Amino acid sequence: MQAASVTFELIIAETREFQMASHSMNVHTIPSGLIQTNAYLLTDSVRKEAVLVDAPGEIWPKIKPILESEDLTLSQLWITHGHWDHTQGGAEVVRETGAQVLAHVADQVLIETPEVMEGFMGEKLGLEGFAVNQWVAGGDTLTCFGATVEVRHVPGHCPGNVMFVFADDVMALVGDAIFAGSIGRTDLPGGSFDELAASIRTQIYTLADETKLYPGHGPVTTVGIEKQSNPHVPA
Ligand SMILES: [Zn+2]
Ligand SMILES: [Zn+2]
């Protein structure tokens, strides 16, 4: 749900855009919702398609102008994990676009019946569930704008946390498994520090050092930087 360090809540909201070298994909970083969760809107202006990775609260009004200005169809919504701050805006996105939803089955209950999280959130947010169309698992391969995307399962912060590895673009969208200089909290239901540390060492630190990591909160980092300096999970 949240980063281990509260400093992530202080990150200034900002939309950033990067042009990937190998094909026509752009990555828009869009912090949104109550704790400024990063949504990543992947766009391809040649194919006129977009994929949204995570759907924090109020994300639809933020991505709608981008889709309209570039005449893009949002075809898929990929959920890194089922915590409310990554799914609160999902029902609206699906209603507005008909996007197909992908997620890991271990978080089915969180995504489809999010009110179960209100018990550990301490307040009622009126969360709305939505249906998942395709369950993904570690080792699966997806295609995004012609690029191959590897799914890796990284439990420990949340049982269904998956990451999406774009090998050609030397980048991965990691959810809340790891942050720049920090890791996901492990005190929520289904969390385990030992499991998270194992996920990070076997699934993230095994990627090339120059791989850019796009986390669910805070700035981009790289595998090499975290292997060298992450204080919570040394390489
Ligand atoms: Zn989380
Ligand atoms: Zn989060």
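These exercises with worked solutions concern a predicted model of one protein chain.

**Exercise 1. Overall make-up**

Find how many helices and strands the chain has, and what share of its residues is buried.

Solution. Step 1: the chain contains seven helices and 15 strands. Step 2: of its 235 residues, 46% are buried. Step 3: turn to the contacts with a separation of 6 or more; residues 24 or more positions apart account for 58% of them.

**Exercise 2. The largest nonpolar core**

State how many residues the largest nonpolar core has, and which residues have the most contacts inside it.

Solution. Step 1: this core has 58 residues. Step 2: Leu52, Ala172 and Val174 are those with the most contacts inside it. Step 3: the element that gives the most to the core is strand E10 (residues 162–166), with five residues. Step 4: take Val174 from the list and look at what it touches. Leaving aside residues up to four places away in sequence, Val174 touches Val154, Met163, Ile204, Leu213, Tyr214 and Pro215.

**Exercise 3. Strand E11**

Decide whether the residues of strand E11 (residues 171–175) are buried or exposed, and identify the strands that pair with E11.

Solution. Step 1: five of the five residues of E11 are buried, so the strand is largely enclosed by the rest of the structure. Step 2: side chains in a regular strand alternate between the two faces of the sheet. Step 3: check each face in turn. Met171, Leu173 and Gly175 lie on one side of E11, Ala172 and Val174 on the other, and all are buried, which leaves both faces covered. Step 4: E10 pairs with E11 in the antiparallel sense over three bridges, and Phe166 stands opposite Met171. Step 5: the hairpin of E10 and E11 has four residues between the strands, and in it Val170 takes a positive phi near 50 degrees. Step 6: E11 is also joined to strand E14 (residues 212–215) by four bridges, and these two strands run parallel. Here Ala172 has Leu213 as its bridge partner.

**Exercise 4. Helix H6**

Work out how the span of helix H6 (residues 193–204) compares with the expected value, and where its buried residues lie around the axis.

Solution. Step 1: H6 has twelve residues and reaches 15 Å from its first C-alpha to its last. Step 2: at 1.5 Å a residue, 16 Å is expected, and the span of H6 is close to that. Step 3: list the buried residues of H6, which are Leu196, Ser199, Ile200, Gln203 and Ile204. Step 4: seen down the axis of H6, these fall within an arc of 105 degrees, so they line one face of the helix. Step 5: the face turned away from that side carries the exposed residues Asp194 and Thr202. Step 6: the cover over the buried residues of H6 includes strand E9 (147–153), E10, E11, strand E12 (178–179), strand E13 (182–183) and H7.

**Exercise 5. Helices H1 and H3**

Find which residues of helix H1 (residues 59–69) are buried, and do likewise for helix H3.

Solution. Step 1: in H1 the buried residues are Ile59, Trp60, Ile63 and Leu67. Step 2: their arc about the axis of H1 is 80 degrees, so they line one face of the helix. Step 3: on the other side of H1, Pro61, Pro65, Glu68 and Ser69 are exposed. Step 4: H3 (90–97) is among the elements that cover the buried residues of H1. Step 5: in H3 the buried residues are Gly90, Val93 and Val94. These fall within an arc of 95 degrees, so they too line one face of their helix. Step 6: Gly98 follows H3 and has a positive phi, near 70 degrees.

Conventions. Residues numbered from 1 in each chain as written. Chains lettered and ligands numbered in written order. Buried ≥ 20, exposed ≤ 12 C-beta atoms within 10 Å, placed from the backbone. Arc of directions from axis to C-beta. Contact = placed C-beta atoms within 7 Å. Core = buried A, V, L, I, M, F, W, Y, C linked by C-beta atoms within 7 Å. Pairing = 2+ DSSP bridges. Expected span 1.5 Å × (residues − 1).
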